Every structure is written in C-alpha cells, then in structure tokens.
Amino acid sequence: MYGFEAITAHNGWSMAIAGASIVFSGLVILSLAISQLHKLLTIWENKKNFFNRNKQTSVNSTEEVLDLNLPERFPSDINEAARLYHPLVKKLGQPFQLVQLYEVSRKKGFPHPHLTISLLRQAKVLVPEGDGVFFWNHPSYQ
Amino acid sequence: MDLLFQFLSNTGYFLADYRHIIMIVVGSVFIYLGTAKSYEPLLLVPIGFGILVGNIPFFKGFGLGIYESNSVLHYLYFGVTTGLYPSIVFLGLGAMTDFSSLLARPILMLLGAAAQMGIYFTLLGALGLGFLPKEAASIAIIGGADGPTSIFLTAKLAPHLIGPIAIAAYSYMALIPVIQPPIMRLLTTRKERLIRMPELRAVPKRERIIFPAVALFLSCFLAPASIPLLGMFFFGNFLKECGVTERLAQTARTSIIDTATILLGLTVGASTQGDVFLNPKSIGIFFLGAFAFSLATASGIIFAKLMNLILKEKINPLLGAAGVSAVPGSAREVHLMGQREDRNNYLLMHAMACNSSGVIGSAICAGILWSFMMVS
C-alpha cells in the first residue's frame, strides 16, 4: 500500500496533526512559563519588602484614623496619652519592642513621642520585660 | 595444505564481496570528512571507523559480528538497542548547555517548535512510500536533526533500521554547512537577513537553576515517553547550574559523554554490515532523511517570517533554521550567514536559544511518536 491510501490506513493524518499540535502547544506553554519566571523570582526575592510594605500600609491606615483625634500639643494627661497610644500598641501586638512603638508614633506625627513614651513608662503603663521588650498595662485601655 | 586452504577460505580477503567494499568506502569517506574537513569529527570519526570494523568480512558463527548474540560488539551494541547511550549523551549535553539566551528571549522557543514540523511531514512521506508506521516514525525523527534522539526512538520502534537511520541522521548533521545555507538564502530576502537582534538581558543564576526543574515537569508531564532523554538532559543541566556539583557536571560533560559517544559511534558504525545495510530501504531512508532535514529547516524559517507579520520587534528569520536541534552546527551556520550580509550582525546567542529549544522539541516529538506507536 502506497500514497494517500497508506497514510490514511495507518492513521497518518491524525498522528501528524495531533503530534505537531502537542509539541507546539507544549513548547508554547514552556516558553510562557519561562517568560514569567524572572517576574516570579523578583517577587520572591522582594517578598520581605513586599510584606513590610503591606504591614506599613496597615499601620498607616491605623494612623490615618488616629490623625483625626491627634492633639496639636503633647498630652500632659497620662490617660489621654494612653488613649492615643493604645491603638498603636494593639497593632504591634504584645509584647513589642519599645523602639517599634517609638518609630510608629514618630512616623505618624505624634507630638513629642519620646517624651510621651517616657511618661507612659514612668506611669507603669509600659512595663519592661527585658531586652527592650515591653508590655502594655493600662486598666482602661487593654 | 588443507589446513592452509581452510584458513585462507576463512579470511576477509576470501569472504569479501562488493557490499563490504562499498561500505568500507563509505566509512573511509566519513573518516576523511571528519579528519580532513573537520565536519563533526567527534561523530564522524567513531562512526566511520565503526563502519570499517563492521564491514571486515568474517566467518559467521564465530561470535564476531555485531548481530551475533555472544560477540563483544553485540554486548557493546546493547547500549544502543536499549537506548542507554543516547540517555547518557543527553546527560552530558545537559551539563554543557547554557539556557541563558533562551531564558532571556523565550519567544525564540517557538522557532524550535516550528522546526519540528519537518518530522511530521516526513512521517506522512514515509507512510506514503510504504514504510510501516513504526519504521516511518523512526525515519521521521531524522527531521529533528538529533542523532541520539533518532537512535533512541529507532531502538524502541524499529531496531532493524538503527544503522541506516543513525548514519543518515549523523551524515546530515555533518552536512549542515552544505544543506542549510541554500534553503536559508532561498527563503529569505537580503533585507530580512540584515535584521539585527537586540542584546540579550543578563539572566540571574537563580533563574537558570529553576529552569531545568520547570522544563522537566512541563515537558515530561506532556510526553512521559521522553523521560529517558529529557530527564537526563535537565538533570545534567541542573548539575551545571546548581553550583554545588561542579565536579559531577564536569565529569558528565567530559568523560561520560565522551565514553558514550565513542561507544555509540563505533557500534552504530559497526551495525552497518554491508549484507544487512545495503538494501532499497536504506536508500529510501537516506532520501527521506534529506527531505526531513530540509523541511525542518524550511519550517523554522517560514514560521519566523509568519511571526514577523504580527511582532513589532522583528526576528531575523534565519534563526528559524537553528530550530533544528543540531547543536551547535546549525546555530553556527545561521550566525555565519548573518555575518556574510552584515559583519556586525551577531546572531549566535539567539541561534543557540533556538537550537536548545530544538533539542527539547525533538525529544518531546520522540516521546510523542513512541506513545502513538504503542497505542496504535
């Protein structure tokens, strides 16, 4: 058997079309995958920055809420200072690094954060646990 | 006196016939091309010498010939018939291959895919000429222009054709400088050949490490029958890229691939015993092999031209000719052709991207054809 008759009898047309389609689609998928590879790797390499950015965005959103109630001057009343700082502490979670609280309050634009935090420490609202780690302890704002 | 006559009647001089002489001439031509002309010497010299060894006439039944079950050559030939040597060669190839250019320009992989179309056209041609499906599939894979892949598939589907198919595949690979340039000139205009390719981006190490795993999964899940080739290929590449197995990669791309190539070439050459090799089928295989190779080259070029119809950043269509997996011969030829038109046009790295995708493509095709033949 020869010619088109032989090709048809041995299923040649189907094999050729299916084979060509499979190898072509396979290599197209592979090329698409490798064209995205460097993008995935970039995300992977920058994942710390990516998550930090998310965290910062969350903190900023908290701060934006706080902005509404932020006094223009340093709060002399300890309860007022506790009321302002309590949302930040909640966001950081217990226990937290005092330096973190300072950073967040400074970025947010709290008036005299260093002074306020000192005041909170003296009033035992911020309780040291050692190695710069603190607990929040205020009867009204827990 | 009887003893002397008996001895003389068993010598090669007495047993030789015209077929042995023809094959010895063919073997000598291979050695000449390999040594004097430097056409793929690492392949043609072992194969050529194997042809000489395999065509020294001998007294059948002594356990000397490659097709006699208890001969040394037969044991060495075991690596061919089981597909062992091609797999080992792929391991070494993987440890040699740098996929940076392909990773930098993944779209060039499509040219490697397009060049595989020659395989399927040849499949139709071989069936039309009256070859059985398994034989036709083995002949068609010559269009992939990959010697180890051709041998691997033929060993699985039509072991009686290993000799002619291997010789055809390697001959055409060696004759790339003769076969491809006329097709490239015929199918491209000067303006197209002058197209310059942009500089490739630097590919980070981590990308090159992950690529073998991604490619292994995507290609072998699609065609599991190509695992013996692509599994070893990507393993070799991972050894090269991971950075902690440099010693293994070095061994794979030197001692291991060299040993496999020597044994593969010698035994494939020796399998071309004149009385087995010289028949009308072999002539048909040579004819179809040339057809497959030319068609594969043309498919790649035409597909590149088609891509240019939709791409903003044009591709030099010569690169399509490097989609066949003859590494690095076809890439070199594309580069030289580009430089003949413009000495400052550097196409080599882009052509290597097409070449390496051609290796993957032809191995996938081998897996697909093997699966088809097992099903039908």
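The legends below describe close-up views of a predicted model.

**View 1. Secondary structure of chain A.**
Chain A contains 6 helices and 3 strands. Along the sequence, these elements run in the order α-α-α-α-β-α-α-β-β. Chain A has 142 residues, of which 25% count as buried. Among contacts in chain A with a separation of 6 or more, 56% are between residues 24 or more positions apart.

**View 2. Crossing of helices H4 and H5 in chain A.**
Helix H4 of chain A spans residues 78–92, and helix H5 of chain A spans residues 98–108. Their axes come within 10 Å and cross at roughly 125°. H4(A) is therefore oblique to H5(A). The crossing of H4(A) and H5(A) is right-handed.

**View 3. Residues between H4(A) and H5(A).**
H4(A) contributes A:Tyr85, A:Leu88, A:Val89 and A:Leu92 to this contact. On the H5(A) side, they meet A:Gln100, A:Leu101, A:Val104 and A:Ser105. By class, the residues of the contact are 6 nonpolar and 2 polar, with no charged residues.

**View 4. The side of chain B that touches chain A.**
In this interface, 34 residues of chain B are in contact with 28 residues of chain A. Four helices of chain B each supply at least two residues of the side that touches chain A: H8 (109–114), H9 (117–128), H15 (205–222) and H21 (348–375). The largest share of that side comes from H15(B), with 9 residues. The residues on the chain B side comprise 24 nonpolar, 8 polar and 2 charged.

Terms used. Residues are numbered from 1 along each chain as its sequence is written. Chains are lettered from A and ligands numbered from 1 in the order in which they are written. This is a predicted model: local features need pLDDT of at least 70, side-chain atom pairs count only at pLDDT 80 or more; totals for chains, interfaces and linings use all residues. Two residues are in contact if their C-beta atoms, placed from the backbone, lie within 7 Å. Ala, Val, Leu, Ile, Met, Phe, Trp, Tyr, Cys and Pro count as nonpolar, Asp, Glu, Lys and Arg as charged, and the others, Gly among them, as polar. A residue is buried if 20 or more other C-beta atoms lie within 10 Å of its own, exposed if 12 or fewer, and partly exposed in between; C-beta atoms are placed from the backbone. Axes are lines fitted to C-alpha atoms, for helices over the stretch in contact, and angles run from 0 to 180 degrees between N-to-C directions. Angles under 35 degrees count as roughly parallel, over 145 as roughly antiparallel, 65 to 115 as roughly perpendicular and the rest as oblique. A crossing is left-handed if the near helix is turned anticlockwise from the far one by less than a right angle, and right-handed if clockwise.
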